[in-house]
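Ready for a few exercises on how side chains pack together? Take a look at the structure, then work through each solution one step at a time.

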Amino acid sequence: EVQLVESGGGLVQAGESLRLSCATSGFTFDDYAKGWFRQAPGKGREEVALMSKVPGSTYYLDSVKGRFTVSRDTSKRAVYLQMNNLKPEDTAVYFCAIDPIGSLSVPWRFWGQGTQVTVSS
């Protein structure tokens with residue numbers, strides 16, 4: 001059974017940093033693309049930071065480029081999202097997800113339960 005468990009969310013002030021973690025189990029780690037998505041109240045879900053199966057290819061939402069960094073630790077089966085210089089508009093529930101393909105145009109297959117990030121001004 002695939003399990004994705006996010007942690008690290010919280011309430012911070014604008015300009016501060018948070019590091020989200022996603023602990024994974026139940027699948028072959030290198031066989032899936034990995035990524036972070038978010039959904040703010042009243043808005044649709046958006047792709048924040050994605051990584052291909054093979055290290056080297058990443059995608060970032062334009063509004064987070066230069067502030068957020070996605071990474072993985074294969075030995076720990078973990079995926080991370082380092083978020084610096086947070087802004088109030090980053091407030092959302094953040095989800096870890098994996099997919100065998102990792103396309104932007106097709107819904108990803110497996111999802112975590114989400115972790116709340118709230119940035120106050």
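**Exercise 1.** Find how many aromatic pairs there are, and work out how the rings of Phe 37 and Trp 108 are arranged.

*Step 1.* Start with the rule: rings of Phe, Tyr and Trp (its six-membered ring) pair if their centres lie within 6.5 Å, and planes under 30 degrees apart are stacked, over 60 edge-to-face, and the rest tilted. By this rule there are six aromatic pairs.

*Step 2.* The ring centres of Phe 37 and Trp 108 are 5.2 Å apart and their planes stand at 70 degrees, so this pair is edge-to-face.

*Step 3.* Now place the two residues, using strands (E, at least two residues) as DSSP runs numbered from the N terminus. Phe 37 is in strand S4 (residues 33–39) and Trp 108 in the loop between S9 and strand S10 (110–111), so the pair ties together parts 71 residues apart in sequence.

*Step 4.* Buried means under 20% relative accessible area, exposed over 50%, and partly exposed in between (1.4 Å probe, protein chains only). Phe 37, at 4%, is buried, and Trp 108, at 5%, is buried too.

A note on what you are looking at: this is a predicted model, where local features need pLDDT of at least 70 and side-chain atom pairs count only at pLDDT 80 or more, while totals for chains, interfaces and linings use all residues. Residues are numbered from 1 along each chain as its sequence is written, and side-chain values use heavy atoms, leaving out hydrogens and water.

**Exercise 2.** Are Phe 95 and Trp 111 buried or partly exposed?

*Step 1.* Phe 95 has a relative accessible area of 17%, so Phe 95 is buried.

*Step 2.* Trp 111 has 26%, so Trp 111 is partly exposed.

**Exercise 3.** Which residues touch the most other members of the largest nonpolar core?

*Step 1.* A nonpolar core is a set of buried Ala, Val, Leu, Ile, Met, Phe, Trp, Tyr and Cys residues joined through side-chain atoms within 4.5 Å.

*Step 2.* The largest such core has 28 residues, and Trp 36, Phe 68, Val 70, Leu 81, Met 83 and Tyr 94 touch the most other members.

*Step 3.* Strand S9 gives this core its largest share, four residues.

**Exercise 4.** Which ring does the charged end of Lys 34 sit over?

*Step 1.* The test asks for NZ of Lys or CZ of Arg within 6 Å of the ring centre and within 35 degrees of the ring normal.

*Step 2.* Lys 34 sits over the ring of Phe 29, 4.4 Å from its centre.
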